[in-house]
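Here is a friendly walk through one protein model. Have a look at the structure first, then read on.

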Amino acid sequence: MKWIKFLLALLLSAGLVYLLNSPIKQGKQTIPPLGKFLNPFSGFWKNGEAVGQHQNKSYQFSELSAKVDVVYDKQLVPHIFAQNLKDAYFVQGYITAKHRLWQMDLTTRAVSGRLSEILGPITLERDKLQRRKGLVFAAENALADWEKQAEDYSNLQSYTAGVNAYIKALQPRDYPLEFKLLNYSPEAWSNLKSALFIKSMAQSLCSREKDLESTNALTVFGQEVFDFLYPEQNPKQSPIIPKDTPWDFSPVSIPEQKPVLMGLFEHNPYPKPSPFLGSNNWAVAGSKTKSGKPILCNDPHLGMTLPAVWFELQISTPEANSYGVSLPGFPGITIGFNDKISWGMTNVGHDVLDYYKILWTDNKREQYIIDDQIKKVKFRIETYKIKGQESVTDTVRYTEWGPIVYEDKNHPMQDLATQWLAHDAGSNEVSVFRKLHTSVDFDDYYNAVQEFKVPPQNIVFAGNSGDIALKVQGKFPLKTFSQGRFIQDGSNSANDWHGYIPSAHNPQVKNPERGFVSSANQHSTDTTYPYYYLGNFEDYRGRTLNELLDSMSSITIEDMMALQNNNYSHKAADALPLMLRYLDWQPGNDLDEKVYSGLKDWDFHYEKDLLAPIVFTYWFDEFYQLTWDEISAKEDSLEIELLYPESWRTIALLEDNPEHSFFDNKETKALETAREMVTQSFLKALERIKEDLENDPDFNLAKYKRTHVPHIGRIEAFGSTLLSTGGDGTALNAIKGTHGPSWRMIVELSDPVKAYGVYPGGQSGNPGSPYYDNMLAYWADGKYFEKLLLKSPDELPDQILFEEQYDK
């Protein structure tokens, strides 16, 4: 009997050990081995960190040529002091991996279509789409181009070696928490992964287009209605380059051609990058500042995550001493300053991705036709490893235009290939960030940014000599009018881009008379610019920014902090007075009066404790949907996707044509005008806000917005709690949902340089670290940290947490 009990206990114990050390399948999901994860010696317990836990350390690496000193300040920002840039990049790679390894791994897996290896079949279709879009192809082209420039490629290799030096030293107990949770091990970093990181940014910032929806809208509505509903320029917009700036060049001449209608397309458009990806940057001349020195400001608006989008650091070498933020996975400082200059970036928004309808020779899809000549497809076989399952393969077809992204097996003549700027080589970000590090004046800055091609950026500059400048920098296709706005005929080579706009012809401005340069993702120029371009442009923030900067004088750093956190919305200022004018309604009770009075008295600022911004948002959304019911009805009846007019066009229609037939609700027999649409939509908005107040009498904008910063892997426990913020996507403080200012930076080019910054997160990528999200509350409250551009490792010992030494 004892032996039977012993054997039963042994079997139960063995079963429990097996269970705790084996993954458990739950449908399409797999639970990691709980025994490994809960192990007190190597599980998640080892990832807990306490304040003051870090200690001084020394490291030795054969890859280094000389000693490198690193001191960490109180925000866990590393200040790297090296004898040369190659050694500095090695240590940057090592330190970045130490704090952000899982973020680096996940980001490159996501862009390259490899998430299924760690997450299983749930992400397989997403992985396939990434490969069809040619993201790996694009990174391979970029890397091949970087390899041709010996110095920069050597620096990139040093960064990669630094990352791998950290990975090689890791034991399973030291793995970042997410590796343990998902039960996989870090793999070696590579130069290709750094290229993938850059292409990830390109996908976010320059892959947005509306070709399919525009083509269907033109086909359904005809040219006259299309032109009326979808004008390309808002006449109220204030462009990046001041209006009436002379263009001191002779433009390249290209042949004119009209777009050819390609019919209706039934594809469901693939998800596009968020329209809230944008940014603000500006520089004011010393003539407008209290100190007499230029001030540069930048706040790139991106999807916010924990770990944070950026990694903050200082790089000091004998050639230069720079401070700023880097991309975790790429060497150098992306946005920052040194003791001579400062630079920042916003997204340009030009459309640099076009779709072409392919004319196949037959349904085999192996050959296609261009200019009556038969071309052979290049096949790229993609293999997908899937966690818990057998690998699968997929075939991506490449044409002379690019990869086939939209594919319909039942209707091959609807297949669409993409030509995308990011597929091309020619952009050397390694060189750009190296040269910006050592730049001392405008000429150095101008030379440095020439090699930045994709994603196109508005790169702002300020120098301690007094110069300010901004260049719309990128590689921009030469297009005829409307080219790229619609799906094009891929059987005609005349529809190809006609080369590229010469870099010297890119819009740019230096030391303008108004005393400032600025950008907020609006149109680059007014209509006098001699080259055609289209894209996704913001219609409100640029107006606010230019108006406020123009009115300011004796500007201080505190003024610039307030401007970055400004919550004024030109959209509300344009729309609400018109909507109130046409509102045919009277309050029926005290709550009605409260809501109505709040709207009438509102100053168009999205402050967090107000109710009026929510009412306006509800009202405008309802008004917009009622106004464009014809478009939604066409979508339903034809089962296609159509383009919708921009919000500014809707407001302009209300202002200029309140009797227009588009305001008629087609679902009713009566003939409505703007007055009826405004009133009906207000009543719907009123119902919504009353329901909110019934659920929460203290309901306000902060509660409505539900601002939070999610974990990059969408592990809810590792994301932030709800934050109390104001702001709006149409305000300079463009916080909207999980998008917003990912880094706020203000730099005064005095002697010494004064700089302040903050971002929504912390330096550590470890959810168990006190530096994981320690800057989040400061960011939400609009506060800043002073940034320390140290001249030596021992300059400010009272500001230093700990030190590290790296030697050969």
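What follows covers the ground rules, the sheet, the helix across it, the cores, the cysteines and the salt bridges.

## Ground rules

This is a predicted model, in which local features need pLDDT of at least 70 and side-chain atom pairs count only at pLDDT 80 or more, while totals for chains, interfaces and linings use all residues. Residues are numbered from 1 along each chain as its sequence is written, and side-chain values use heavy atoms, leaving out hydrogens and water.

## The sheet

Let's begin with an open sheet of 11 strands, with mixed pairing and the order 3-28-4-5-8-9-10-11-19-20-22. Strands here are DSSP runs of E with at least two residues, helices are runs of H or I with at least four, and both are numbered from the N terminus. Two strands pair if DSSP finds at least two bridges between them. At the edges sit strand 3 (57-60) and strand 22 (508-510), each pairing on one side only. On average, neighbouring strands of this sheet are turned by 15° against each other, direction ignored. Such angles run from 0 to 180 degrees between N-to-C directions, using axes fitted to C-alpha atoms (for helices, over the stretch in contact).

Met345 has Ile459 in strand 19 as its bridge partner. In general, strands of a sheet pair through backbone hydrogen bonds, either parallel or antiparallel.

## A helix across the strands

Which strands does helix 3 lie across? They are strand 3, strand 4 (68-73), strand 5 (78-81), strand 8 (311-316), strand 9 (321-326) and strand 28 (800-807), and helix 3 runs at about 160° to strand 8. Contact, by the way, means heavy atoms within 4.5 Å.

## The nonpolar cores

A nonpolar core is a set of buried Ala, Val, Leu, Ile, Met, Phe, Trp, Tyr and Cys residues joined through side-chain atoms within 4.5 Å. Buried means under 20% relative accessible area, exposed means over 50%, and partly exposed is in between (1.4 Å probe, protein chains only). The largest core has 160 residues, and the members touching the most others are Val91, Trp146, Leu549, Met560 and Tyr806. Helix 3 (residues 85-112) gives the largest share of this core, 14 residues.

There's also a second, separate core of 57 residues, with Leu218, Phe623, Ile640 and Phe699 among them. As for Met560, leaving aside residues up to four places away in sequence, it touches Trp282, Ile295, Cys297, Leu549, Met552, Ile555 and Ile746.

## Cysteines

How many disulfides are there? Counting pairs of cysteine sulfur atoms within 2.5 Å, the total is 0. Cys206 is buried at 3% relative accessible area, and Cys297 is buried at 0%.

## Salt bridges

The structure holds 30 salt bridges, each a side-chain nitrogen of Lys or Arg within 4 Å of a carboxyl oxygen of Asp or Glu. One of them joins Arg109 and Asp105 at 2.9 Å, N to O. Both Arg109 and Asp105 are buried, and they sit about one helical turn apart because 4 residues separate them in helix 3.

Glu187 and Lys193 form another, at 2.7 Å, N to O; Glu187 is partly exposed at 28%, whereas Lys193 is buried at 8%. A network of salt bridges links Asp105, Arg109, Arg114, Glu117, Glu187 and Lys193. Asp696 and Lys703 also meet in a salt bridge, at 2.9 Å, N to O, with Asp696 partly exposed at 22% and Lys703 partly exposed at 39%.
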